[in-house]
Amino acid sequence: MLLGVPCVSAQTVAARWDFEIRGPAGPINGDLRFAGAGGRILLQHDDTAFKSLRELHIGGGRISFSVAGRYKQFGGTVADTLMRGSVADADGRTWPWQALPLDVRSTLWPVPPRIVVRQLA
């Protein structure tokens, strides 16, 4: 349990989180979402679409999950108002991450929407 922050269970974790990895080239923002027993994440520089969280475990104030791609294995603590931990990348290096809850009705997008403009022929 984090000091002064109550722990949560999988049933009460917020549905949407503003996510940040403090990587080697600066912060990488993300949008982390939970639904039912699963979840998905969109990272600013690595993803073109949301990726499913694999091996998601939330309980006892801890969270862990894996994702395909550059950043592989996430682990850390979870509370009502903060998640934080470390992530191992594809090369085995670790980087800190943290997440703050967002209102599901929020118009804030931690990762700007990608727009593809194609010329009509």
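Guide: Let us take Ser66, which is found in strand S6, a strand made up of residues 62-66. The model is predicted. Ser66 counts as buried because its relative accessibility is 9%, and the cut-off for buried is under 20%. Leaving aside residues up to four places away in sequence, Ser66 touches Ser52, Leu53, Arg54, Glu55, Lys72 and Gln73.

The protein chain has nine strands and zero helices. Nine strands form an open sheet with antiparallel pairing, in the order S4-S3-S2-S1-S9-S8-S7-S6-S5. Strand S4 (51-52) and strand S5 (54-59) stand at the edges; each has a single partner strand, so one side of each lacks a neighbour in the sheet. In that order, S6 stands between S7 and S5.

Elsewhere in the sheet, strand S2 (residues 26-35) and strand S3 (residues 38-43) run antiparallel and are joined by six bridges. Asp31 stands opposite Leu42 in S3.

For the protein chain as a whole, 36% of the 121 residues count as buried. Of its contacts between residues at least 6 apart in sequence, 39% join residues at least 24 apart. The accessible surface is about 7,200 Å², and carbon and sulfur atoms account for 55% of that surface.

As to confidence, the mean pLDDT of the protein chain is 81, with 74% of its residues at 70 or more. Over residues 1-10, pLDDT stays under 50, although the model has 20 contacts beyond four places in sequence for them. Where pLDDT is low, the predicted coordinates should not be read in detail.

Note on methods. Residues are numbered from 1 along each chain as its sequence is written. This is a predicted model: local features need pLDDT of at least 70, side-chain atom pairs count only at pLDDT 80 or more; totals for chains, interfaces and linings use all residues. Side-chain values use heavy atoms; hydrogens and water are left out. Helices (H or I, at least four residues) and strands (E, at least two) are DSSP runs, numbered from the N terminus. Buried means under 20% relative accessible area, exposed over 50%, partly exposed in between (1.4 Å probe, protein chains only). Contact means heavy atoms within 4.5 Å. Two strands pair if DSSP finds at least two bridges between them. pLDDT is the predictor's confidence in each residue, from 0 to 100. Accessible areas come from the Shrake-Rupley method with a 1.4 Å probe; for residues, only the protein chains shown count as cover.
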